[in-house]
Structures are given as structure tokens and as C-alpha cells.
Amino acid sequence: MKKAISLGALLALLTLPLPALAGPIHATLYKNPHCSCCEEYAAYLRQNGFEVEVKAANDLEEITLKAGVPEQLEGCHTMFVDGYVVVGHVAADVVKKLLTERPPIVGIAIPGMPSGVPGMGGQKAGPVSIYAVSKDKAPTVYAVE
Ligand SMILES: [Cu+2]
């Protein structure tokens with residue numbers, strides 16, 4: 001990921017109304033109590049401008065289903081952020097894109113725990129799809145990381 005911010009991007013940040021990105025982004029992350037990669041993911045988000053409250057949940061599957069995410073898209077953690085649900089190890093940039101674009105969807109998800117994504121060790125086997133979760137529609141690809 002690019003660490004330096006270009007002058008153009010900085011000016012865009014200063015001149016565009018982006019309330020979601022103005023301060024720390026508050027998020028609540030429910031995690032499988034037996035999983036440690038969720039903590040790694042929360043730490044990664046904190047380094048990228050998020051304020052994350054982590055809650056261990058024995059009923060994670062129920063929470064996720066109730067949030068409108070189908071079983072096949074479940075991961076080891078489910079995060080609630082600014083009206084959206086984010087499941088799995090989604091890159092901070094993609095979460096910010098979601099909060100900026102604000103599409104009419106329930107949220108976004110990376111099912112399972114693919115290696116090489118933020119908070120997970122190892123090498124990526126290939127591009128990882130991030131799915132858009134909608135109420136009555138089949139999941140579509142929202143972004144690829
Ligand atoms: Cu995990």
C-alpha cells in the first residue's frame with residue numbers, strides 16, 4: 001500500500017466534504033472468540049484511521065445472519081461501521097471506498113480466511129474478491145484486493 005499521500009490527494013481531502021473520513025472511523029467488530037487473526041485485522045484498521053471496538057461473540061454466526069449476510073459469505077469476524085456490515089479481512093481502502101460511495105447495499109464481505117489479506121499471514125494465492133451483500137439479490141463483486 002502507498003504510504004505517502006500526494007499533494008493532489010491531500011487537496012482533495014481538504015476540499016471535498018468527506019465526513020466519514022474526517023476523523024477516526026468508529027467501528028464495532030464481533031469476532032470468533034477462538035480466532036486471533038481478527039485481532040490482527042483490528043490492529044491493521046487502527047493503523048489506518050479506524051477506531052475499533054472488538055467484542056468476542058459466541059453467537060457470531062447469528063449476528064452475521066441477522067445483519068443480512070448469507071452463510072456462504074461468513075468469515076471469522078463481522079464489523080459494523082457507519083451503517084454497513086463488513087465481514088472478513090477487507091482492506092481499509094475498500095472500507096473507506098464503501099463509506100464514501102455509500103451504495104444501497106447491506107455491506108461487503110470476504111468469506112473465510114484467505115491468506116495474504118490484511119490481518120492474515122502468508123502469500124495471496126491470487127486476487128481476492130470482496131462481495132457486495134444486498135438484501136434480495138445474489139452477491140456481486142464489489143472490489144478485488
Ligand atoms: Cu479471525
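**Exercise 1. Describe how strand 3 pairs with strand 4, and how strand 4 pairs with strand 5.**

Solution. Strand 3 and strand 4 run antiparallel and are joined by four bridges. Strands here are DSSP runs of E with at least two residues, helices are runs of H or I with at least four, and both are numbered from the N terminus. Two strands count as paired if DSSP finds at least two bridges between them. The model is predicted: local features need pLDDT of at least 70 and side-chain atom pairs pLDDT 80 or more, while totals for chains, interfaces and linings use all residues. Residues are numbered from 1 along each chain as its sequence is written.

Then turn to strand 5. Strand 4 pairs with strand 5 in the parallel sense over three bridges, and Val85 has Gly107 of strand 5 as its bridge partner.

**Exercise 2. Find the buried residues of helix 3 and state what they pack against.**

Solution. A residue is buried if 20 or more other C-beta atoms, placed from the backbone, lie within 10 Å of its own, exposed if 12 or fewer do, and partly exposed in between. In helix 3 the buried residues are Cys37, Cys38, Tyr41 and Leu45. Seen down the helix axis, these residues fall within an arc of 105°, so they line one face of helix 3. The arc is taken from the directions from the axis to the C-beta atoms. They pack against strand 1, strand 2 (50-56), strand 3 and helix 5.

**Exercise 3. Identify the largest nonpolar core and its main contributors.**

Solution. Such a core is a set of buried Ala, Val, Leu, Ile, Met, Phe, Trp, Tyr and Cys residues joined through C-beta atoms within 7 Å. The largest has 31 residues, and those with the most contacts inside it include Val86, Ile108 and Ile110. Among the elements that each supply at least two residues are strand 1 (25-31), helix 5 (92-101) and strand 6 (129-133). Helix 3 gives the largest share, four residues.

Finally, examine Ile110. Leaving aside residues up to four places away in sequence, Ile110 touches Gly75, Val87, Gly88, His89, Val90, Val117, Val128 and Ile130, where contact means C-beta atoms, placed from the backbone, within 7 Å.

Conventions
Contact = placed C-beta atoms within 7 Å.
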